[in-house]
Amino acid sequence: MTEANENKQTTTADTEAAPVEAADKPAAPVKTAAAKPAAAAKPPVEESPETIAKRAEAQKRLDEMKAILEDKFGEGALEETGLQKFQPTLVIKPEYWLPVVTYLAHDESLTFNYPECFAGTDYPAKGFIEVALYLYSMSNGRFITVKVRTPRDNAEVDSLCSVFEGANWEEREIYDLLGVNFKGHPNLVRIMMDDDYKGHPLRKDFSVWEQQ
Amino acid sequence: MATTELRTEEMLLNVGPQHPSTHGVLRLVVKVDGEIIREATLVIGYLHRGTEKLAEDLQYTQIIPYTDRLDYLAAMINNHAIVNAVEQAMDLQVPERAEYLRVIVAELNRIASHLLFLGAYLLDLGAMSPFLYAFQERETITQMFNEISGARLTYNYMRVGGVKWDAPPGWIDKVRAYIPHFREKLKMYHNLVTGNEVFLGRVKGIGAYSQEKALGYGLSGINLRSTGFKWDIRRNKPYSIYDRFDFDIPVGKNGDCYDRYICHMMEMEESLKIVEKAVEQIQDGPVMGKAPKILRVPAGEYYASVEGAKGELGIYIVSDGKDKPYRFKLRRPSFINLQILPELMEGQNVANMIAILGAVDIVLGEVDA
Amino acid sequence: MSGVLGLLKGLGVTLGQLPKKKVTLMYPDVQPEWPDRYRGVHKLMPDLCIVCNQCARICPTSCISLSGTRGEDRKLHLETFDINFEICILCDLCTEVCPTEAIQMTDTFELAEYNRDAIYKDMNWLTENGKQHALRKGLSLESTEEAVEQNNQLEGNA
Amino acid sequence: MWNNVLHWVDQPFTSATYLGMLLGGVLTLAITLGAVTYTIYGERKIIGWMQGRVGPNRVGPFGLMQSIADILKLLIKEDIVPAKADKALFMIAPIITYVPAFAVLAVIPYTFHHYFTARLNIGVLYYIALSSISIIGIVLGGWASNNKYAIIGGLRSAAQMISYEIPLALSMLGVVLLSGSLDITRIIEVQQQNGLWNVFPQILGFIVFLIAATAELARAPFDLPEAESELVSGYFTEYSGFRFAFYMLSEYVYLIAMAGLAAALFLGGWTGPFGLGWGWFWYAIKSFLFIFLMFWLRATMPRARVDQLMGFAWKYLIPLAILNLLISAVEKLYWLKG
């Protein structure tokens, strides 16, 4: 809905890789960002004031988070930022993945201590696999999404098992179904498929027929 | 006399996937020293059907029957999760009556699911009767669902934008009459089980974990609430019309099996309250709102969750604007809640293993997706 | 002492259940009564089918296959219609999309067979199943339109 | 002649008494098997009723032939011996369990006249001694199966039965003390003379006896050896066919024997109210009450844990039983001088 997704949209369209450096640019004005994808599907819907207020609120949160992280880890830590619907989303560079999440989870003013959802998505057109982590801060009631991208061949991301115990199985599932290697994972073996299964089913180029 | 220590040997015990109390096809490989468990490893995936992969080739309406088969004990709530996620992504409005019907069936289904927990858990602990008593009540609910949706287990009742069918004539009255009846039954269960010293001995102080641990593992639902953490999606991230109802969120104190049991029992009462309010407030009206025939979620990423019977049931949709999701990920509470088991089982004996496993309340259909 | 009381309470509950009415349904002798919306095995009214293929397209498991030919009246007529009940999940989506309600659900639920081929049901079987269903429910078999009407009334969505 | 056949116990050993012994053995076996069959049927029916079900109802009228059909099925099943099992022990273990179970019936005085049963002057001791032999069969069966569940089940039952034999025997001692005899018939006679069933002066002993007997019989809530939710089927996981039937049979024969013992020691045996006759009838009623209690408990109780079970025996039951013995001694001194 916002810039991050918009970028994805365009990159999917012209298939050329090179993710746009969103972190450099200021976040686009909320209204236009929201209207664009909607226009693609159907005539623009009149947005209620609450929706706009909610989005502005989320944007504020996002800017806040961005400032905090850039302050702590430098400008280079973030690859991209944006809103998904009302969810502040930050794409973090792979080398900063573990420290950033550790910081988010353990810092006393942030305490994003609850991993809500762990998801991996394959984007063959853009040439990377994205791992998204939905975090919730139980102490101040905030939601945030952090993401990391890794190239499709030789996909590798730092494991978060040291931060969240619950990351263990989620990472195994992503490894199993998407083939992302989690460095430092205590027991990275297949969880859903057989141990001798070949291929990673959730990759877009996976074919059942190649199994035989 | 040689005073050498008695030599003991550790034994590898393979529990499941075919075992009376692994609730399906869970497999546990436990290293036991006598009856004490030294290490437990969980092996899952025996029921993996690749729902997430299948969903990528299906339209959103077609995914709904598949969600029935995740947590098949609470299929209405699964239906609710996906329609809620798609509606939120598409900013669709749902008619009032449909919302009320959804809440009624979802809460009844929560009761049915908790009833099964009660029965199955007591069966794990060796008591037969609660299982059959619970099933008698569950049967009434199942029958009501059969009347409203035409199926007893895999309801496929909700649609994006509303529900498939309005309640048949007299159905709401049936629900209304069921509430006092079930209150009586709850009292009976408490008499039968909650005061039983043998039962209390089996569950009190067993399998306890702290709040921090529960959060770190990402536990949700009763597994999180049993530690005293008030976290219920219906309250903390209100969806549907749950903000209109007044209900408590029962929490435990110690995070042990007893707290998990008692939270289930109390939650049934709270669900009953919601159903009671909902059948009071429900008005006549349409049950299907305006929704396009072919659903196209605007491009983007969405995550929406509902309070499932086992915990936070989340749906993560990545859409590229087509009528099928680009990526469809399910945050399955059972899958996440199950992870804590090996840690809880260490140092316990074989009997406690079953008590702990049962209290976590998992459904393998949901674990393996 | 309270522990003993708890035990006695429990014993009282089970004893109290002893004389109560039993809930077992004596299944093969007594058939379950299904509500009108019950989603059992399909029935088919071939005259109504316009071979629009919508059911086959909506089916999540792709268990329906059908074909038709264009008749003299330039309309499509159904020639074959098969449902593979090995993979059918009785989700009711096909009857929902059917524009003429040629395919509907009945209360038949017993599908056990000795081999897999036998649960691959064709047009004739499905039509016959519809007739049986109509007999059980006391529906008229006079005209297909009437049958559709009656079915709608049963399901309460007329 | 008939006198000799019926009262073979008190007669010198002749061909007639020999016939009596043989006939008695066969008849007792037949009656016991019949009783076991219908105990199983009764258990399934009663528990079914308590759970809102109808219980067996398919074979014969009201399902009366269900247990017989089950037994027939077990008898004609293939005799499976696991490849890795200790064959000889595996085969012999059920017999070791069953023989003492049947042998203890010899001292249960169903009637005053002792048709086909023995009036043994050490009856109580005989019962306790023989019934402990069965444990060997259970442990052997568990071990010989070469199955992990079976061995855990076997060891559990060994620990459980040995532990609970002590409070069981101690609780019987109170009765023995009151009657001044180990002869079960004599114990009943004393109750008859006093006009007071032992359950009243021995109420504490009776409670200990009930609990210990439940554990000794491995019935709910103490059915740990075969805890199906944990150990699949415990020590007889690997057994099938008639070897399994032997285990089942001995379990139920013990149930009947224990019920008979309870009736004799605490409930006045064959004595009916108001001096009515029909001793065997009252005996059956009393035994049935005990058996019914077992079914009732099974319908209500969850299973105890193994360490709780052992702790309960040693920490509570044995001290209670000893206390009961003390009370019995006081009662004997000041109250029941007979």
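1. How many residues of chain A are in contact with chain B, and how many residues of chain B do they meet? In this predicted model, 42 residues of chain A are in contact with 43 residues of chain B, and the two chains bury about 3700 Å² between them, 57% of it on carbon and sulfur atoms. Of the area that chain A buries against chain B, 19% is supplied by Tyr114(A), Trp169(A) and Met192(A), more than by any other three residues.

2. The polar side of the interface of chain A and chain B comprises seven salt bridges and 19 residue pairs in polar contact, both partners being at pLDDT 80 or more. A salt bridge joins the side chains of Lys147(A) and Glu301(B), with an N to O distance of 2.5 Å.

3. On the side of chain A that touches chain B, at least two residues each come from helix 1 (3-14), strand 3 (114-123), strand 4 (128-137), strand 5 (142-151) and helix 5 (167-178) of chain A, and strand 3 gives the most, with 10 residues. By class, this side of chain A has 22 nonpolar, eight polar and 12 charged residues.

4. For chain D and chain B, 25 residues of chain D are in contact with 33 residues of chain B, and about 2400 Å² is buried between the two chains, 55% of it on carbon and sulfur atoms. Here the count of salt bridges is zero, although 11 residue pairs are in polar contact, both at pLDDT 80 or more.

5. Helix 6 of chain D provides the largest share of the side of chain D that touches chain B, namely four residues, and by class this side has 11 nonpolar, five polar and nine charged residues.

How values were computed
Residues are numbered from 1 along each chain as its sequence is written. Chains are lettered from A and ligands numbered from 1 in the order in which they are written. This is a predicted model: local features need pLDDT of at least 70, side-chain atom pairs count only at pLDDT 80 or more; totals for chains, interfaces and linings use all residues. Side-chain values use heavy atoms; hydrogens and water are left out. Contact means heavy atoms within 4.5 Å. Buried area is the accessible area (1.4 Å probe) that two parts lose on being put together, summed over both. A salt bridge is a side-chain nitrogen of Lys or Arg within 4 Å of a carboxyl oxygen of Asp or Glu. A polar contact is a pair of N or O atoms within 3.5 Å; within protein, one must be able to donate a hydrogen and the other to accept it, and residues adjacent in sequence count only if both atoms are side-chain atoms. Ala, Val, Leu, Ile, Met, Phe, Trp, Tyr, Cys and Pro count as nonpolar, Asp, Glu, Lys and Arg as charged, and the others, Gly among them, as polar.
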